[in-house]
Amino acid sequence: MEIILSENEIQTRVRQVGAEIGQRFADARLSVVGVTVGGIVFLVDLIRSIDLSIRVGLIHAKSYHGTRPGELSVDDSTLPAEIVTDRDVLLVDDIFDTGVTLKRTTEHLLERGARSVATAVLLRREKNDDCRAVHPDFVAFDIPDRFVVGYGLDYNDRYRNLPYIGVLPASEYETE
Ligand code: 5GP
Ligand code: MG
């Protein structure tokens, strides 16, 4: 495995981002909502660095199959109204790629009555020709355009528990 971001680098930066979020939302009614499954590791570290009274919830989104993006499905049935309605929601995801996941989950939360929706991601994939209409409000790291795993990110449901972000050796990919 080629390590792109070490456990130490991630922990240090996540604490910084948590502190920034704490300042930005000092006067808000903040709910931090993680996008499962990939966003949960970032979520649990991040919320412990936010020194505010917050609520926490989860929304499910899935689009990747192996290393390939597919159609996105969003399920917010596990997200109670008291986490969303009239709250300032911060959506937390693992990686910002095309932006479709955050756009669609943001729309869901606004439809559910969120007062505002902001977004935070651990990673943003750098694009040569960046035509993404929107960008996250908080980005921990910009990374090169490669498929990464670890710290919540999977390849076919494996590697999420790695404490670092890495690129798999070619031999680890199953024939797709
Ligand atoms: P977007 O909707 O912004 O195109 O893609 C974001 C979602 O795609 C992320 O929540 C993540 O689940 C998945 N994804 C995008 N790039 C990668 C990657 O390099 N590795 C993994 N494991 N998932 C990715
Ligand atoms: Mg995801």
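Mentor: Start with a definition: helices (H or I, at least four residues) and strands (E, at least two) are DSSP runs, numbered from the N terminus. The model here is predicted.

Trainee: Where is Asn 156 found?

Mentor: Look between two strands. One is β7, residues 138-143, and the other is β8, residues 165-167. Asn 156 sits in the loop between β7 and β8.

Trainee: What is phi of Asn 156?

Mentor: Asn 156 is a residue other than glycine, yet its phi is positive. The value is near 45°.

Trainee: Which peptide bond is cis, with omega near 5°?

Mentor: Go to the loop between β2 (30-36) and α2, where Val 37 has its place. The cis bond leads from Thr 36 to Val 37.

Trainee: At what angle do helix α1 and helix α2 pack?

Mentor: Two packed helices are described by the angle between their axes and the distance between the axes. Here α1 covers residues 7-24 and α2 covers residues 40-47. Their axes are 9 Å apart, and the angle is about 60°.

Trainee: Which residues in α2 meet α1?

Mentor: From α1 come Gln 11, Val 14, Val 17, Gly 18 and Ile 21. By class, the contact has five nonpolar, two polar and one charged residues. The partners in α2 are Phe 42, Asp 45 and Leu 46.

Trainee: Which backbone oxygens does the side chain of Arg 13 reach?

Mentor: Arg 13 lies in helix α1. Leaving aside neighbours within four places in sequence, its contacts are Glu 20, Val 139, Ala 140 and Phe 141. One backbone oxygen is 3.0 Å from a polar side-chain atom of Arg 13, that of Val 139. The other, at 2.8 Å, belongs to Ala 140.

Trainee: How many residues surround ligand 1?

Mentor: Among the closest are Thr 98, Gly 99, Arg 125 and Asp 154. Thr 101 is also one of the closest. The total is 16.

Trainee: How much of the accessible area of ligand 1 does the protein cover?

Mentor: Take the polar contacts. Oxygen atoms of ligand 1 lie 2.5 Å from a polar side-chain atom of Thr 101 and 3.5 Å from a polar backbone atom of Val 100. A nitrogen atom of ligand 1 is 2.7 Å from a polar backbone atom of Asp 154. Of the 510 Å² that ligand 1 has on its own, the protein covers 91%.

Terms used: Residues are numbered from 1 along each chain as its sequence is written. Chains are lettered from A and ligands numbered from 1 in the order in which they are written. This is a predicted model: local features need pLDDT of at least 70, side-chain atom pairs count only at pLDDT 80 or more; totals for chains, interfaces and linings use all residues. Side-chain values use heavy atoms; hydrogens and water are left out. Axes are lines fitted to C-alpha atoms, for helices over the stretch in contact, and angles run from 0 to 180 degrees between N-to-C directions. Contact means heavy atoms within 4.5 Å. Ala, Val, Leu, Ile, Met, Phe, Trp, Tyr, Cys and Pro count as nonpolar, Asp, Glu, Lys and Arg as charged, and the others, Gly among them, as polar. A residue is near a molecule or strand if one of its heavy atoms lies within 4 Å of it. A polar contact is a pair of N or O atoms within 3.5 Å; within protein, one must be able to donate a hydrogen and the other to accept it, and residues adjacent in sequence count only if both atoms are side-chain atoms. Accessible areas come from the Shrake-Rupley method with a 1.4 Å probe; for residues, only the protein chains shown count as cover.
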